[in-house]
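Please keep the sequence and the model in view while working through the numbered points.

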Amino acid sequence: MAERMGFFTDTSICIGCKACEVACKEWNQLPDDGFLFQATSYDNTVALGASTWRHVAFIEQQPVWTPEGETGDPLRIGPDGRWLMSSDVCKHCTHAGCLDVCPTGALFRTEFDTVVVQPDICNGCGYCVPACPFGVIDRREDDGRAWKCTMCYDRQRGGLEPACAKACPTDSIQFGPLDELRERAAGRVAALHAEGRTEARLYGESPGDGVGGMGAFFLLLDEPEVYGLPPDPVVPTRDLPAMWRWAGAAALTMVGAVAVSFLGAAVGSGGGSGRSAGSSGSRAFEQVRGVRGVLVRGVRRFGGFGGSPPAGWLPMRRFQGRGR
Amino acid sequence: MAECHPVGFQWVVEARARGAKVFHVDPRYTRTSALADRYTQIRAGSDIVLLGALINHVLSNELDFREYVLAYTNASTIVSEDYRDTEDLDGLFSGFDHETRSYDPASWSYEGAPEEAAAGERAEQVEGGRAHARTAGPDQYGAGGAAALPRPAADPTLRHPRCVYQILKRHFARYTAETVEELCGVSREDFAELAEAITANSGRERTTTWVYSVGWTQHTVGVQYIRTASILQLLLGNIGRPGGGILALRGHASIQGSTDIPTLFNILPGYLPMPHAHRNETLDDYLARAGGDTGFWGRKRAYMVSLLKAWWGDAATEENGFRFDHLPRLTGDHGHYNTVMGQIDGTVKGYFVVGENPAVGSSGGRAQRFGLANLDWLVVRDLALVETATFWKDGPELETGEMRTEEIGTEVFFLPAASHVEKEGTFTNTQRLLQWREKALDPPGDCRSDLWFYYHLGRLIRERVTSEERDLPLRELTWDYPEEGEHREPSASAVLREIGGVGADGQALSAYTELEPDGSTRCGCWIYCGVYADEVNQAARRRPGREQNPEALEWGWAWPANRRILYNRASADPEGRPWSERKAYMYWDEERGEWAGPDVPDFEKNKRPDYRPPENAAAEDALSGIDPFIMQTDGKGWLFAPAGLSDGPLPAHYEPFESPVRNSLYGQQCNPGLRTYPRPESPYNPERSPRFPYVLTTYRLTEHHTAGAMSRPLAYLAELQPELFCEMSPTLAADLGLANGDWATIVTSRTAIEARVLVTERVRPLRIQGRVVHQIGLPYHWGWGSGGLVTGDVTNDLLPIALDPNVYIQESKATTCDVRPGRRPRGGDLLAMMEEYRHG
Amino acid sequence: MAGGGWFARWPVIRQLRGQDGRGDAARSARTDALRPRVEEADSVARSVCPYCAVGCGQLVYVKDGKVSQIEGDPDSPISRGRLCPKGSASKQLVTHAGRQTAVLYRRPYGTEWEPLDLDTAMDMIADRVLRTRRDTWQQEHEGRVVRRTLGIASLGGATLDNEENYLMKKLYTALGAIQVENQARI
C-alpha cells in the first residue's frame with residue numbers, strides 16, 4: 001500500500017467561503033441539497049450527508065450586547081467575539097466502522113489508506129450509516145445507496161489532489177501524506193500557542209483515539225462539540241476480527257440460499273428481457289448485484305436475530321442530523 | 001476581502017502568518033472580521049471621521065514620514081490667501097455658489113499661480129481657475145488630473161501658515177477620538193489601538209496598506225473617502241512602496257478594464273476626457289484644457305492623436321485635426337442615472353444592456369423599470385433571461401398594477417451571449433493586470449460574443465450609411481477586423497493589437513513613450529500601449545508563478561508598461577537609495593546609470609535622482625529626479641488638491657444624504673454638491689426622519705455575485721444562500737418582536753421589500769451622539785428572474801438615487817429605513833402603505 | 001474480466017478465500033478503472049475566472065464538445081490554483097439549464113416572447129439604431145456643434161472583455177451616442 005494520504009483542516013484560517021463544498025460537488029457531480037433558508041448563521045446545507053461531502057459549519061460566539069455592555073463598554077466587541085468556521089469531511093478512520101460493517105464489499109480501503117464506497121457495488125443496505133460515529137455516511141433518498149467523501153479517489157489515482165483541498169483559498173484544507181500533515185499540524189498548534197492562542201488543539205490526529213486516528217483530522221479553536229464533532233468518537237466495531245469471523249461464517253451458511261436465489265434471478269429475468277446468466281460480463285455483473293441483494297437481505301435478517309451481537313456493534317448516536 | 005475576494009485573501013492570511021496585523025473596519029462583522037486581529041464596527045457612512053482622526057493623530061503627534069512627505073508631496077506648497085477652509089465656513093470651502101450648488105475652485109489654487117501663469121487660457125488651466133467652476137469634475141482632466149503649477153512657492157520648514165501641511169493641521173484638528181466615538185460609534189480604545197498600529201507600522205522600515213472596496217466608493221462623498229485615505233498614506237510614506245498603497249478591490253472580472261477602455265460617458269480610452277461642447281471646439285482647445293503640460297500627461301497630444309488615428313485611420317490628418325470633429329460633444333452629466341431619467345422623460349428611446357441588469361442591479365430599481373417601460377426598443381444581451389429583459393411580463397410593477405404588459409410599448413430583443421470560456425479576450429484585474437483567456441469551445445446555438453455583436457452591428461450599420469455629413473464618422477471608421485470560424489467571429493487579438501498600438505512601419509509598439517503627436521502612430525488606448533510589443537500578445541504570457549519572483553512580470557501584462565507597483569520611484573529615497581534594507585524595492589544603480597529592482601521602474605529608466613529640470617521644460621522633462629508621481633503636473637502627491645474636485649480640496653465629513661444623525665462636525669449636513677433627482681420615481685427619505693430610524697447598508701455574500709444573474713441559476717451556489725435575509729441585532733429584533741428566521745419588511749421612501757430575518761450578535765447597536773442607533777444589513781443578490789433557482793425581493797429597489805458630485809456614483813452603502821415584522825403587502829396594498837410612509 | 005471472472009471477484013468469494021474483504025479484495029472493475037476525468041479531456045484552455053477582479057487562473061477542460069471540468073490553474077501567481085465557491089461553480093455558469101441559447105423577441109405591447117432568427121434580429125437592430133439616431137440627431141446644442149444623439153444609450157457589465165468595450169466605445173462614438181455607461185459607474 002502506498003503512503004497513507006489524508007486531510008488536515010486548519011480551521012483557524014478557514015474563511016467559511018464554502019469553496020470546498022462547491023469544488024467537491026462540481027468534481028463529484030453531486031446533487032444539490034435543495035434551497036432552504038435555515039437561519040443558522042451562514043450555513044444552509046446543515047451537515048454532511050449523501051450529497052454534501054464537505055460541509056462548512058458556522059459557529060457564532062459573540063458576547064451578548066446590553067445597553068451598558070457586559071464589559072461596561074457598550075461600543076466595543078470584545079476579543080472573545082468569534083465566528084468560527086470549519087469545513088467538516090469524512091474522517092477516513094483507521095478503524096472505520098462503515099467499512100467494517102459493509103457486508104457487500106462496497107466499502108473498501110484504498111491503496112491510499114482511505115475509505116471509499118463503490119457505488120456499483122453498494123446496494124443501499126444502510127448498515128454503514130449507524131456504524132459511523134460521526135454521522136458522515138448517508139443514503140441518498142432517490143437511489144438508496146450510501147455516499148460519502150472519497151477523498152477524490154479518482155483524482156488521487158491520477159496524482160491530483162482532492163478538489164476541496166485544491167480549491168481552498170487559504171489552504172485551510174491541506175492534503176498530503178498523513179505523517180507529514182501530522183507534523184505540520186503539530187507545528188501549527190505550537191505556533192498558535194506561542195501567539196497566545198492556547199485554545200488551539202488538534203482533533204483526530206492521534207492513533208490512540210477511538211477510531212485509531214483519523215485520515216482527516218482538524219485543528220480546532222474550541223471543544224469538538226462546538227463544531228458538532230463527537231468529543232470521543234469510538235468505532236462501533238472495536239472487536240472487529242471477532243465480528244468479521246462471525247459475519248463471514250454467517251455468510252457461509254447462506255451460500256446455498258444465495259446460489260438458489262442467483263439461479264432464480266437468472267431464470268426469472270431471462271425471458272423477455274433477453275438476459276441470461278453468464279452470457280456476457282456486463283450482464284452477468286448486473287445480475288451479481290441482484291445476488292448481493294439476496295445476501296444482504298440474509299445478513300440483515302441475521303443481524304436482526306437479536307441474541308448477543310458483538311461488543312461495539314451498537315447504533316451510535318448521530319451527532320449531526322440532517323435537520324430537515 | 002475574505003467575503004468578496006476570498007482567493008485574494010490568501011495573501012492576507014499569508015501575511016498574517018508572517019506577523020502582519022490585520023484590522024477590519026466595517027459596519028458589519030463579516031468573514032473577514034473572523035480572521036482579523038481586531039474588528040472595529042463603524043456606522044455606515046462615517047469613515048471620513050475615522051480616517052480624518054487618524055490624519056489628525058499623525059499630524060498633531062508629528063508622526064508623518066517627514067523626509068518622504070517633504071520630497072514627494074505638496075506639504076510645503078503655499079496656498080492662495082483667498083482660500084477659506086471648512087473651519088472658517090462651517091463646513092463649506094471658499095467658492096461655493098449656493099444657487100448652482102457647485103464650487104468655483106479658483107481660491108483653492110497655489111499662491112502666485114495667476115501671476116506666474118503665461119496668460120489667458122493658460123492661467124485657467126494651470127492653477128485650476130474659473131474654467132473649473134463650470135464642470136469641476138475630474139473627468140475634464142483625464143488621467144493627469146487637473147493641473148497645478150509645476151514649481152509653486154513652498155516653505156520646506158512647513159511653518160508657513162498657508163502651507164498645505166499647516167492647512168491640513170487646522171482642517172483635521174476637529175477630527176478627534178471623541179468625534180470618532182460620537183459619530184462612528186468606535187470606542188476610544190479601539191481608535192487608539194488602530195492609530196498606534198498604523199503609525200508604528202509605517203516609516204522607513206515598515207509599510208501599511210489600506211484595502212477598500214465599494215464600501216468606500218458608493219457614497220455621496222465617495223471620492224473624498226479615497227482622498228482621505230490617500231492623504232493618510234502619503235503622510236505615512238506608504239505610497240509607491242512594497243506593502244503600501246490604497247488597494248481597490250474591484251468586484252467584477254474586468255471592471256478595471258471597463259474604465260481603462262471605458263464604456264463610460266465622460267472619458268475616452270486611457271482616461272482622455274470626452275470633449276465638451278463649450279470648452280473643446282478644436283483639438284487644440286481640447287488639449288489646452290485637458291490638464292497640464294508637464295509630467296507624462298504633457299504628452300497627451302500624442303495619446304489623443306494616436307487614438308484618433310486608430311479610429312479614423314488615413315482619413316484623420318493634421319489638416320482636419322485628425323478628425324477630432326468626429327467626436328460627439330458632452331454638455332453635462334450624461335451618466336447612468338441621468339440616462340434613466342431621460343428614458344422616463346422619453347428622450348432616450350433605444351437602450352443596449354449588455355451583461356448588465358439595471359432592473360434589479362441599480363439603485364432605485366423602480367425608476368429603472370419605469371425607464372425601461374418607456375423605451376422604443378431595448379436590446380439585452382446576457383447568458384440568461386435577466387430581469388431587465390423580462391420586466392414587461394413579470395416585473396413587480398405588474399403586481400402592483402402600475403404597469404400592464406399590453407400597455408408597455410418597448411420592443412425587446414434578447415440575444416444570448418457567449419460565456420467567458422466560449423470566446424477569447426482579455427480581462428483587466430484589480431491590479432491592472434491584463435490576462436488573456438483562451439477560448440475553450442464554441443458558444444451554443446445563437447450565443448455569440450459581445451465582440452461578435454458589436455463588430456457585426458457596426459458592419460451592418462456601415463452598410464446602411466448615407467452620404468450625409470452625419471454619417472462621415474461611420475464611413476471613415478476603421479472597422480476591418482479579420483473574421484474567424486463559421487460564425488465569422490472577429491479576431492480579438494487583432495482588436496487587442498489595435499489597442500496596443502502600431503508605429504509608422506505598421507509594427508506593434510512597445511511603450512507609450514513611442515507614441516507621436518504627428519499622426520504617425522496609431523494606438524487605441526495609450527496606457528495599454530505595448531500589450532502587443534514584439535508582435536506578441538503579452539497578456540497571454542503564462543510563465544508559472546513558481547518560476548518567477550513575487551512580481552511575476554512574465555505572467556500577463558500590467559498597464560502601464562508592465563509595472564506592478566505604481567509610483568515605485570517613491571520606494572527609494574530622494575537620492576535613489578532604498579529607504580531601508582527591509583523595504584528595498586527600486587533603486588538608482590549609479591554604475592549602470594538606471595533604475596533597477598524587481599519591477600519595471602515607474603519612472604524614466606535613466607533619469608538621475610539629481611536631475612533638475614531646466615526652465616520651460618515640457619512633459620516628463622519638467623519633472624525632477626525626485627518627482628515620483630509622474631502623471632501629476634508637479635510630480636507630487638497631492639495632500640491638498642488645488643483643482644479637479646467638485647466638492648473641495650480636502651475631504652470633510654458629511655452625513656449620508658439619508659441619515660438618522662446630525663452632522664456634529666459642521667453646520668453643513670451633507671455634501672453640498674451631491675446630486676439628486678427629486679421626482680415621483682425617485683423619492684427620498686427626509687433627513688433624520690423618525691419614520692426611517694434605522695441605518696441600512698447593503699452588501700455582497702461570498703456565495704453570490706452582484707444581482708444574482710451569475711449565481712442564482714447555479715444550484716451549487718443557490719443552495720448555499722437560498723434566500724434574501726436581513727441581518728439585525730438581537731436587541732433590535734426584540735424591539736420589533738422578531739425572531740430568527742421570521743419574515744420582516746424593510747421600507748424606504750422608494751418601496752418596501754421582504755426578507756427573512758437573521759438575528760445575530762455580529763450586528764451591534766451603536767451609540768451615536770449619546771443614543772442607540774441600530775444598523776441593519778441586506779445583501780442584494782436577489783430578484784424575481786434571471787433563471788434563478790432561488791428568487792427574492794430586490795434590495796436595490798430600496799436605495800436612493802443620490803450621487804457623488806465627482807463621479808456620479810450612487811450612495812448604496814448608507815441610507816435609512818424602517819423595519820416592520822411580517823411579509824410585505826401585495827399589490828395595491830403595497831402602494832397604499834407606501835403612500836402612508838411618504839405622506840402619512 | 002480479469003481474475004477468474006465475476007464469480008471469483010465477488011467479494012464474498014474473495015473474503016471466503018481469506019482475502020481481506022475490506023481492502024483490495026473488495027475492489028470492483030469500475031474502481032480499478034477510475035481515473036480523474038480531466039485526463040480524458042480533448043483540450044484544456046487557460047482561462048480567467050469571470051466573477052470578481054482578483055483574476056484567478058482557470059483551466060477549462062473540454063470533452064466531446066462540452067466543458068467537463070473547470071478548476072484552478074496552479075501556474076497563476078495570483079491564485080496558485082485556488083478558486084472561491086463562485087469560481088469553483090463556473091462550470092455550472094456555462095452549462096446551467098437556465099442559460100438561453102436562442103434569440104427571443106417581444107414586439108411592442110406583446111404579451112409573450114417570440115422566436116427570431118439571429119440574422120434578422122441583427123438587421124432589425126441596425127435599422128432601429130439608424131432610425132432612432134436620425135430622429136434624435138443633434139447637430140447643435142446651445143449654439144455649439146455637438147453632433148450627437150441622446151436617443152440611444154448603452155449600459156454594459158464589467159465582465160466585458162477589453163476588446164469588447166473597445167469596439168463598443170468606438171462604434172457608439174462614431175454613431176454620436178454618448179450615454180454609454182458601464183457597471184464601473186455603479
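1. Strand 11 (residues 411-416) of chain B and strand 4 (residues 104-106) of chain C run antiparallel and are joined by three bridges. Two strands count as paired if DSSP finds at least two bridges between them. Within this pairing, F413(B) stands opposite Y105(C), a residue of strand 4 of chain C. Strands (E, at least two residues) and helices (H or I, at least four) are DSSP runs, numbered from the N terminus.

2. The model is predicted: local features need pLDDT of at least 70 and side-chain atom pairs count only at pLDDT 80 or more, while totals for chains, interfaces and linings use all residues. Residues are numbered from 1 along each chain as its sequence is written, and chains are lettered from A and ligands numbered from 1 in the order in which they are written.

3. How many residues does each chain bring to the contact? Chain B gives 128 residues and chain C gives 98 residues, where two residues are in contact if their C-beta atoms, placed from the backbone, lie within 7 Å. On the side of chain C that touches chain B, the largest share, 13 residues, comes from helix 7 (residues 162-175) of chain C. That side of chain C comprises 51 nonpolar, 26 polar and 21 charged residues. Here Ala, Val, Leu, Ile, Met, Phe, Trp, Tyr, Cys and Pro count as nonpolar, Asp, Glu, Lys and Arg as charged, and the others, Gly among them, as polar.

4. Chain C itself contains seven helices and eight strands. Of its 186 residues, 56% are buried. A residue is buried if 20 or more other C-beta atoms lie within 10 Å of its own, exposed if 12 or fewer, and partly exposed in between, with C-beta atoms placed from the backbone. Among contacts in chain C between residues at least 6 apart in sequence, 28% join residues at least 24 apart.

5. Leaving aside residues up to four places away in sequence, F427(B) touches A253(B), S254(B), G257(B), Q435(B) and R437(B) in chain B, together with V48(C), G55(C) and D161(C) in chain C.

6. The domain assignment, automatic or from a database, gives chain B domain 1 (10-71 + 170-252), domain 2 (568-628) and domain 3 (675-839). The centres of domain 1 and domain 2 of chain B, taken over C-alpha atoms, are separated by 28 Å. Their contact takes nine residues from domain 1 of chain B and 13 residues from domain 2 of chain B.
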